[in-house]
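Please keep the viewer open as you read.

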Amino acid sequence: MTVMSEETAQISLTVNGEPVTRDVPVRRHLVDFLRLDLELTGSHLGCEHGVCGACTVRVDGVAVRGCLMLAVQADGCDVVTIEGLSRSGEVADLQDAFEVRNAAQCGYCTPGMVMTAAELLAAGGVPDRADIRDHLSGNLCRCTGYQAIVDAVEETAKARAGR
Amino acid sequence: MSAPDGNGGEKLVGTRVPRPNVRRLIHGKGRYTDDISVPGMVHVAFVRSPYGHARIKGIDTSAAAAADGVVRVFTGAEISAVFEPLVSVAGHRPGHKSAPQHVVAVDKVSFQGEPVAAVVADSRANAEDAADLVMVDWEELPVVMGIEEALSPDSPPIFPDLGDNVCFQHTVDTGDAAKALAEAAIVVEHDFEFGRHSAVTLESRSVLADWDPVDGRLDVFQSHQSPYQMQDVYSRHLGIPEHKVRVTTPDVGGGFGLKINVHGDELAAAAISKILCRPVKFTADRIESFLADCQTRDHIATAKLGVDADGRITVMDFENAMSAGAYTAYIRFGLAEGMMAIMSAAAPYSLSDYHGRTRVAYVNKGIVGMFRGVGVPIGCAVTEVLIDKAAAAAKIDPVEFRRKNYHREDAYPLTSVGGYHAYHMSLERCLDACTGIMDYPALRTEQAALREKGVYRGIGVATFVEAAAFGPIYYGPSGARVSTQDGCTVKLEPSGVVRCNTSVTDQGQGTLTGIAQIVADELGIGMDRIEVLAGDSATTPYGGGAWASRGMTIGGEAALRAGRALKENILDLAATILQTSAETLTLAGGEVRDKETGEARMDLAEIGRIGYYRQDTLPPGTQPELMVTRHFVPDAAYYVANGVHGAHVEVDIETGFVNILGWWVADDCGRVINPLLVDEQIRGGVIQGIGNALYEHTQYDAGGQMLNATLADYLLPMAGEMPDIRIAHVETPVPDTQLGANGIGESGTIGAITVLWCAINDALRPLGAEVTKQPFTPEHILNVLAQAQARVRG
């Protein structure tokens with residue numbers, strides 16, 4: 001039996017605002033590509049099943065699971081990881097709120113949690129706590145108990161709305 | 001951020017200081033073990049047993065060895081040539097026995113997921129591809145899966161050399177339980193099952209081992225709670241002098257006790273590095289985490305409680321049995337899971353007679369190791385369920401029944417009937433605090449009104465205890481090389497800032513922030529002038545790491561003593577410079593100040609400048625000592641923390657679903673160093689306990705196959721179903737330390753599991769039903785409701 005494991009394809013995409021062209025194994029997941037090829041280790045792998053949300057990244061403006069998308073599917077896309085999101089300052093207020101409220105413990109889920117929360121906050125308005133909990137329910141946090149995360153998102157939304 | 005900066009002389013201890021080391025995690029700058037790569041690194045994937053019990057008749061590795069990118073394929077025999085098998089027998093527990101465990105199986109496997117071969121390749125993907133090509137010739141053997149079945153004399157022994165499948169048993173007898181039960185006015189009884197579950201750290205186990213044959217040195221990065229323990233294990237098992245082994249624990253993505261265990265596959269990675277003379281990385285994927293991570297709980301129990309005609313508890317009888325998996329967990333045995341259950345039972349209550357027995361069985365399942373709470377949730381839940389049943393039988397409100405039966409204030413210090421030594425427990429104060437914030441009477445009124453409308457709400461109020469911060473008496477006599485001492489080094493840098501190295505480790509709890517607060521207070525500086533480093537066996541003081549909720553109690557005390565000693569040295573030097581006596585000086589606001597007037601005499605940067613660069617200006621013979629180390633080991637066996645949880649639930653009797661409506665905690669963890677972080681330890685612990693009680697279950701079929709080894713099948717608490725939690729603190733400083741902090745890490749989980757049993761049974765009580773099996777699935781709740789209905793129909 002021969003394993004044809006490393007068939008590759010060339011992809012060109014934008015990652016955190018920078019153009020990237022690479023040959024990648026066609027079977028490589030987007031998050032593995034980001035972690036292994038680009039050394040962007042802020043996105044994490046928790047389940048490789050699309051359940052835990054630790055690998056959440058933004059692709060063409062939408063929060064997606066980096067473990068459920070192949071790198072070759074991101075050809076031509078605009079990808080933003082936690083590194084790029086942080087650098088942009090777009091969620092600096094949310095990240096400050098996470099820190100003050102201790103909404104991260106081990107921090108392994110946090111980049112994905114921030115990505116997912118950023119999407120909710122970008123939609124505008126002040127979601128109620130149940131809506132925030134609902135929106136974050138695809139991101140597993142094993143440490144915090146969620147309340148602090150919900151507090152941080154709620155406080156950020158209120159501050160942005162001037163309330 | 002309203003926390004004091006230390007400049008005005010306010011204390012940091014006791015305030016809500018955010019964690020300085022969390023910011024980089026929030027910004028994606030964490031550095032977890034799998035994020036680390038070194039030149040020449042190769043990856044290992046394990047071939048794992050598909051069977052619960054089987055003989056390895058032969059292994060053909062030729063196709064795998066020839067596959068793309070493969071460096072080498074190892075069988076268990078090759079690994080065992082450099083790595084002694086693990087033998088985990090507790091020296092102080094007569095009758096305890098355990099078979100030798102090869103880190104990669106040699107002749108047979110005893111649980112599904114046990115490693116049988118290791119494939120090393122240039123990438124994890126290539127290693128996994130080749131692992132599929134390893135051909136093992138298996139002979140399936142009969143499995144032993146049930147606890148009772150394993151304990152029966154007819155059960156075929158998994159390891160014939162052991163004679164049977166009984167791992168260990170232990171009995172605690174206080175007074176005469178049989179006689180007291182016979183004499184009791186009321187006797188209540190309940191059956192319990194606590195399902196086996198997994199820790200599910202979001203970051204899976206990961207290790208990067210790098211053997212340098214030139215220097216004879218092993219460098220290891222490992223996602224672990226104790227770099228010191230692992231340094232010892234690698235040194236002894238691989239025959240490397242301890243000073244040539246350095247274990248670093250970078251950011252760790254969740255521990256919860258799982259990562260204090262010793263796992264064979266991680267050790268195999270180090271052994272392979274030593275054989276190949278190159279760096280080897282192993283990171284468990286999710287399915288191997290479910291199969292090969294140490295698991296927890298898996299108890300069955302029957303228990304009785306006897307009450308006299310005045311409503312006073314007189315006696316408890318607790319028959320417990322649990323499974324250990326196929327081997328006793330190395331190096332800490334896992335026997336505490338059963339021992340703590342029978343010791344912690346009835347601990348809050350004043351009764352005279354007790355019989356507790358735990359029996360531990362070997363079964364063909366994953367090994368039971370350490371996990372948050374270690375047996376105590378079982379002891380507490382069994383007790384509190386019986387308390388509620390007895391209160392109902394005695395027609396006394398369950399809160400008042402508890403108050404009536406708690407130890408009297410003048411009874412301390414005391415030893416509970418199960419053998420828990422407690423210097424104090426603030427039981428009534430916690431009961432008042434919890435029922436106060438939950439407005440218990442109002443909930444009862446609402447509950448009664450809603451029952452009229454067919455809505456079944458339950459109110460649970462449950463007491464918990466937590467033995468925390470174990471001292472040397474606990475592990476010392478066992479022969480296990482487990483350090484209960486921790487140390488702290490504090491160094492004044494020349495510019496007047498402070499570096500601190502501690503042997504306690506932080507997996508997100510905030511321990512290092514607490515250490516910084518304590519030391520900063522001693523030295524009169526703000527959080528901006530101190531950094532705490534941890535997780536490096538080569539450069540930090542030797543100690544225990546993180547386990548048994550010890551970080552603040554033991555590590556915090558060591559930090560306090562180190563900070564205090566450095567303060568003395570700084571003041572001695574300042575007194576020499578200022579030509580005054582050290583007794584007239586103190587430290588505050590980053591300065592040496594006159595103790596009486598508060599007048600600034602010199603700042604710490606000036607102390608550093610003279611102490612390190614201008615010794616020529618000092619009197620001959622002056623030896624500035626601006627770095628000190630102190631250790632602390634407790635005299636006590638452990639410190640008992642305690643508290644009360646309140647839970648409000650609604651059970652949908654049509655669907656069996658449980659909806660959590662409210663949650664309250666009154667917790668006494670001694671002196672609270674940082675309420676922000678303590679509250680989040682409690683909340684995180686509660687949610688984990690809710691998960692354990694409502695959802696989590698590692699399910700095996702009768703043939704030894706795990707049925708739900710993915711996160712899609714193994715249910716965990718997500719944000720949508722979880723409640724907000726209100727917390728009150730009661731502070732009873734522990735007596736033997738200057739700091740006074742007690743453990744907090746496990747109390748949330750212990751209390752949550754316990755109170756959910758109580759709350760759900762409270763909802764079902766008018767229907768004549770009660771839960772007996774955790775997790776409380778909708779199926780189980782519908783079953784007990786149907787059984788109750790059948791009993792009514794007769």
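In strand β6 of chain B, R55(B) has E139(B) as its bridge partner. This is a predicted model, in which local features need pLDDT of at least 70 and side-chain atom pairs count only at pLDDT 80 or more, while totals for chains, interfaces and linings use all residues. Residues are numbered from 1 along each chain as its sequence is written, and chains are lettered from A and ligands numbered from 1 in the order in which they are written.

Strand β2 of chain B (residues 54–60) is joined to β6(B) (residues 135–140) by six bridges, and the two run antiparallel. Two bridges link β2(B) to β4(B) (residues 108–109), again antiparallel. Helices and strands here are DSSP runs numbered from the N terminus, with helices being H or I of at least four residues and strands being E of at least two. Strands pair if DSSP finds at least two bridges between them. Together, three strands make an open sheet in the order β4-β2-β6 of chain B, with antiparallel pairing. Its edge strands are β4 and β6 of chain B, each pairing on one side only.

**Two helix pairs**

Two packed helices are described by the angle between their axes and the distance between the axes. Axes are lines fitted to C-alpha atoms, for helices over the stretch in contact, and angles run from 0 to 180 degrees between N-to-C directions.

| Helix pair | Angle | Axis distance |
|---|---|---|
| α11(B) (residues 376–394) and α12(B) (residues 398–405) | about 105° | 9 Å |
| α17(B) (residues 551–578) and α18(B) (residues 604–613) | about 80° | 11 Å |

For helices α11 and α12 of chain B, the angle of about 105° makes α11(B) roughly perpendicular to α12(B). Angles of 65 to 115 degrees count as roughly perpendicular, under 35 as roughly parallel, over 145 as roughly antiparallel and the rest as oblique. On the α11(B) side, the contact uses I387(B), D388(B), A390(B), A391(B) and A394(B), and on the α12(B) side P398(B), F401(B) and R402(B). Residues are in contact if their C-beta atoms, placed from the backbone, lie within 7 Å. The contact of α11(B) with α12(B) holds six nonpolar residues, no polar and two charged. In this scheme Ala, Val, Leu, Ile, Met, Phe, Trp, Tyr, Cys and Pro count as nonpolar, Asp, Glu, Lys and Arg as charged, and the others, Gly among them, as polar.

Helices α17(B) and α18(B), at about 80°, are likewise roughly perpendicular to each other. I570(B), L573(B), A574(B) and I577(B) of α17(B) meet I607(B), I610(B) and G611(B) of α18(B). Their contact divides into six nonpolar residues, one polar and no charged.

V360(B) sits in strand β17 of chain B (residues 353–362). Is V360(B) buried or exposed? V360(B) counts as buried, because 29 C-beta neighbours fall inside 10 Å. The cut-offs are 20 or more other C-beta atoms within 10 Å for buried, 12 or fewer for exposed and partly exposed in between, with C-beta atoms placed from the backbone. Apart from residues up to four places away in sequence, V360(B) touches C167(B), F168(B), Q169(B), M322(B), A324(B), L335(B) and G338(B). V166(B) is 194 residues from V360(B) in sequence, yet their C-alpha atoms are 6.2 Å apart.

A336(B) belongs to helix α10 of chain B (residues 336–344). With 21 C-beta neighbours inside 10 Å, A336(B) counts as buried. Beyond its neighbours within four places in sequence, A336(B) contacts V374(B) and G375(B).

**The whole chain and its partner**

Chain B contains 21 helices and 31 strands, and 60% of its 794 residues count as buried. Its C-alpha atoms fill a box of roughly 95 × 70 × 45 Å along the principal axes. Among contacts in chain B between residues at least 6 apart in sequence, 80% join residues at least 24 apart.

Finally, 44 residues of chain A are in contact with 49 residues of chain B. On the chain A side, α3(A) gives the largest share, four residues. That side divides into 21 nonpolar, 16 polar and seven charged residues.

Methods: Contact = placed C-beta atoms within 7 Å.
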